Every structure is written in C-alpha cells, then in structure tokens.
Amino acid sequence: MEEGRNVSPGSQDPAGDPSKDPAENTIRIVTKDQPEHLSNTPPKDGSQEAPAVQEIQEVPDVHGVQGNNLERTESSRNSTPVTVVWNPSSAPLQPAIAVEPGSPHDAEKEQVHEGDGRRELLEEDCESQLGYGFSTAEKWWILFVIFWVQISMNFNTSLYSNGIPGIAQEFDVSKATARYGAALFLITYAFGCELWAPWSEEFGRKGVLQLSLLLVNIWTITVGLAPNITTVLVGRSLGGLSTAGGSVTLGVVADMYDSDNQQNAVAFVVFASVFGSILGPIIGGFIESNPTTVNWRWCIWIQLILGVVVQLVHCASVTETRTTTIVDRIAKKRRRQGVDPNIYGPGEMRPLRERFTFRELMDTWTRAFRMLIKEPIVRWLSLLSGLSDAIVFIQIQAMGLVYQQWNFTPWQVGLAFIPIAIGYAIAWAAFIPTFKSNRRLREQNPHNEHAQFESRLCPLLWAAPCLPIGLFIFGWAGLGPPLHWIGTMFGTTLIGIANYAIYMATIDYMVCSYGAYSASATGGNGLARDLLAGGLTFAAIPFYKNIDPLHGRNLQWASTILAIASIFLVMAAYYVYVKGPSFRKHSPFAQRLASRDEQFHGRHVSVPPLPAGDAAGKAPEVAQAGHGAQEPAHPVPVYPPRVSHDLGRMSGSATPVRPAFGPSSPHGSYMASVHAASRRQSRQASRNASANASRRNSQEGQSGAVPAASIGELLAEQLTNLAIIQSEANEPEE
C-alpha cells in the first residue's frame, strides 16, 4: 500500500472480542490523502463523515474462492486507493478480489473497450485451458519434445565438423575453408535466436517453431545436395539464421510454469542445449569412419533425419502454449459459438498492426546487444558463459589432435566426448536439490537482497572453478604415452560440470535480476555463447598447433592459456556476486523494475511486504483478537505494482519504457508467468487463511466467528496485491 497506510481492526471494542458484533469486526486500510468528495456516507456516531463505500456484489470463482464481503472506496486516478474493508460474517471464509478504481475490474466482467462494447477475456477466466493448467503428464510430454527440438538445433552446430575432411577433399579446398561452415552456422545462430523470439510472443510458439524447423530442414537439404563449397557455406549460414534456439524453447517453459516454479523445467531444457552440442561429435565419429567421399554428406543427412522426425512429432503431439494466443483462440471460439459476441482476446483488443512499428521492432532486436554492452551483470556473466561454450567447440575441433597421440580412430575420438556429457549430467543432478534450498532461503530472508538475487549464483561459485582446473588437467594429462588417456577425461568431465553450471546459473540469475527484460538479458548471454563459439572455431586448430611447436608442448600450452583466461572470467562471477546490488542500482532496466517496487514500500517480485510501521526493519507483532499471545505478521506474496510510463519519457531519463511488442511487453511471457504465480499464491493464501481460521474456531469452541486482526490483515494485503498485478497487465504502452 501507499506510504502512510494504517491497518487497524476497525471498530472493535477495547477488549478486542470479535464475537460481539460481526458487522463491526472489520479490517480497514486507509490512506492519509482521503479525497474529500468521497466523504458522503452518514457517519455511525455523527461526529465525522465516513468515506463512501461501493460494494462489489458478485465476485467470480477466479482464484479458487468466492465471496461478497469485500468493499472498497472509490477514488480517482489522481488519488491513491482509499479504503479496503473486509467484513467477516458467520458464513465460511470467502475472500474476494480487490479492484483498484481505474484498473481492470473483476474477471467475470472483463475489461470493456470504450466505444464499441468489446470486453477483453482475461487469463484468469480460462486458466484451466492455458499452459499453466495443463496436467503434469502433458507438461512433461511437451518438455520432452522440446528437449529433442533443442537437441536437434544444437546437434546441427557440431555434427558438421566431422564432415570437414570430406568437404575439403570433394571440393578441393583447405580444411580451414571448409571449417567456415561450422563457424558461420554458430554466428548466424546467435542472431537467429534474437530474430525469432518476439514473433513467438505474438504468433505463438508452435507456429514459429514449426516454421523454424521447416526452414532449417530446407537449408539442410540444400547443403546436402550442394555442388560447390559456396552453396555449402550459404546453406549453413541461412540454416543458423533460421534456428529459433533457446529464446523460444525457454519461452515454452515460461508458458507452462509460473515464475516461482520454473527452475526444474529450465534445468531440463538447458541440459538439452549443452548435450546436443556434444551429441554431434559422438555420433559423427562413427560417420567419419566411413570413406571420406560419402561421409560428409551423411553428416548432413543425419541432421535432416533428426530434424524431420522432431518436426513431425512436435507438429502432431504438442499443442500451443503461448498464453495470449490461447486466450485469443478461446475468445474467437466463444464468439463463433454464440456464447458471447462481444468477447475478445488481448491480441484482438489491440492487434499487432496497432502495436508494431519499425522502431519498436528494432528496439526489441537490439536490446540484447545494448544490454550485453551496457549492463555489467549481463556483460561479465555472458563473457564467462561464452568462453565456457567456446571451449567445448574448440575441443570439438582439436580433440583429434590430442588423442592421435594414442592412435585413436575417429569413432574413438567421438566417444571421448562422453565424459563431457557425464559432467553435464552430474551438474544437472547437483542443481536439483539447490532449487528447494534456495527457495527456502529466499522465503526466510524476504527483505535480504543477496538472498533474493545473489543466492541463485551460489552453485556457480562452487562449480565455476572446475573450468580452469579441468583445462589444466586436460592439457597436462595429454602429454601422450606412457601416460594413460583416461587422465584427460577427468579434465573434460570437470569442464562439462562447469559449462552446465555456468549456463544454468547465469540464466536463473538474469531472469531474477531483470524481470520483464530477462528475455533480452538471456538473449545477450546466448549471443556471447554462440558468437564466441563461432569466432574461436576459426582459430581452434591453428591455436593448438602453433603455440610452442618446437618443444612439442603446443597442446599443453594451448590448454593452459585457455585455463588462465578462464580464471579471470571465473573471478568475474565472484565479482558479480559481491557487486550485484550496486550493478542493479545503476542499471536503467533494473531501476525501472525497482521504481515499481518503490510505489509499494520497496517490495520485489515474490517478496512479502514489510509489516506496517516497520520503518526500522523490525518485525512487529500483531495481536490476535481475543488472545493475549503475539504472533508475527503473515508473509504475503507480492508482485510488481503498476508504474507510469512517464518515468521513461521524462527529460534526460535513462529509464526504459515498457515496449508494446515482444517478450518484454505487458502481455509478454514473463509477465504472464508472474500473473500465474500471483493467482496460484492467492489461492494458497486463501486456503491457508481458511484453514487457520477453522483450527482456531475448533480450538475455541466457536462455530463461525473469525479473528479479524490476523486473518483480515492477510486477506486485505492479498486482495490489494491482486488488484496491482491485474493493473500491471494493462499498463500503458509506448
């Protein structure tokens, strides 16, 4: 609530007995700037006027509860909400949804479009039909298919390398020239992810992924039938540009899991991303063992076979998950069936042609680049993530140089990548228990900034040193006979652990730090990974061959140089862990999110409010009505409140405005997941309040009275939060 809010148990008698007069047993939240024109209700005692109160007669079962005991005071847009009144009755506890004047009203009535009577169908009106309402089995089937979609995309980046000798021989070019096909795919892949992401927000995930997979398969056919090296390079470049990548697959996760419950699903998709990159050389080693005149084309055909199978399975078995796309379809169906001719989805209320401008599109496409350059958190963590991924692709090119000392055949060199996969699996398994412990830490320390943000980097602080350690082991255990080759594989296992941990932790931390701008922040991470991997692919073989070749230590010194470089970037992870709050304080993107929090006592997403009167940060105790015992105030989940776009339009302000197009828009996937978390936590809070009231009543031998001081305050906070998160969905757009 606004500063100066008072929370009091209404008109209770001095003894605080809630059973004497249920009508007087109320919770009022009153701001000090009460509008005078609203004071027109006859006062109870005749001494002063009371504010006018409008009762909401019908509140639908949107959040799993119903009720009609909520009252609110009307106010204008220029004043703060004045009063939230909760009147407990002898009926079962039935909390309702608070509505801020001038914001969207209750879900049953929807938003009415002025002038033509159109009403917007809201997410809560059809939540059971959205991705969040899918059954657990359906969600995990979709994730399983998306897992293989992501594998097929990254598989294409690496399998080509096993065909380089055959390409060089058939087209009479150097291996360095043939290697351009691997590098160009990675570089254009980096840009392709950013190009596809905003369209998946507008037109749905399934259609965009299907188009992306189709184009990639077409360009794969072009490469497989290529008559010359130029066609190969052009086909590979267009294939990378056509790949939607993690920007869309991670968006599918956000469509099905709210912002508090995404980590397990994100970890699953991240594993697919990193595993797909090393699956290529594992399979490619067997293909490369065939005669060179045919093996390189089979490297391409295997990519095509996997791509076609994945596309067909995705098309046949995966439904649309994008929230706004589903809501639009439901609204069209209701109109078509005559259920409600005036109901429209959010995409229909303001179509893309009204929101889309070239400037908006370019701002969406370039935001990831700007954040990568200007945001220290994105810059340093993306450089670490990029180097980690680049090292894996350098090894894809150079692993043969190391293991030829033991006379490995191509298929044996391919199997040497299995330890990296084992490292990925170990890191994935190690992350799973940290999700629960980290969430518990955040709940126990709701107003500790390090607990809310930097605690997500804790697994990385343990795992990141595995990168330089693994490189040192890989380099100096690779001296060749009489040393056994198994020593090098201990090093590559550590590299796999570090690579997975770096990717997973940096994504999790950026999503938390940048909120609605997390798509661009993680996009900057992806750009760094793919650009560095593609750029260093050119230099991998010369780098490993030409450092100290006279003394025969070129392989060792090459790995040592990479290890030293990684030490500095691993230190950057610790630097961000310590300086993260300072970086966010000076970040225009993070400050835009913080500006919303300031309007609501500095609260942040998923952070409960500081109890009223807690200016010094002390947790006051709330007296329970009719009890002498003191109990701490109940924590209530809170989400970003509404904030005016004028913040970004102020003269000289560097604070960005909310775009009307793409992942960061008010209807984008991030805000949809936040809304879903709000609804879920609202239902849970209501159930907890009812359960607590029932327990107290049974203990006290009462049949219907509910203590107002604790239960009412909890509901009043929760109802206000729901009004705020609903108003966020309709925030003014640029």
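Reader: Which residues of helix 13 are buried?
Author: A helix here is a DSSP run of H or I, at least four residues, numbered from the N terminus. Buried means under 20% relative accessible area, exposed over 50%, and partly exposed in between (1.4 Å probe, protein chains only). In helix 13, the buried residues are Glu360, Leu361, Thr364, Arg367, Ala368, Met371 and Leu372.

Reader: What pLDDT do local features need?
Author: Residues are numbered from 1 along each chain as its sequence is written, and side-chain values use heavy atoms, leaving out hydrogens and water. This is a predicted model: totals for chains, interfaces and linings use all residues, side-chain atom pairs count only at pLDDT 80 or more, and local features need pLDDT of at least 70.

Reader: Where does helix 13 bend by about 40°?
Author: The bend at a residue is the angle between axes fitted to the seven residues ending there and the seven starting there. In helix 13, the bend of about 40° falls at Thr366.

Reader: How many aromatic pairs does the structure hold, and what is the angle between the planes of Phe271 and Phe275?
Author: Rings of Phe, Tyr and Trp (its six-membered ring) pair if their centres lie within 6.5 Å; planes under 30 degrees apart are stacked, over 60 edge-to-face, the rest tilted. The structure holds 23 such pairs. Phe271 and Phe275 are stacked, at 5.6 Å centre to centre and a plane angle of 5°.

Reader: In which helix do Phe271 and Phe275 lie?
Author: Both residues are buried. They sit 4 residues apart, about one turn of the helix, in helix 8 (residues 263-288).

Reader: Is Thr493 buried or exposed?
Author: Thr493 is found in helix 20 (residues 486-514). Its relative accessibility is 17%, so Thr493 counts as buried.

Reader: Which residues touch the most other members of the largest nonpolar core?
Author: A nonpolar core is a set of buried Ala, Val, Leu, Ile, Met, Phe, Trp, Tyr and Cys residues joined through side-chain atoms within 4.5 Å. The largest one has 115 residues. The members touching the most others are Ile278, Tyr403, Tyr500 and Tyr544.

Methods
Helices (H or I, at least four residues) and strands (E, at least two) are DSSP runs, numbered from the N terminus.
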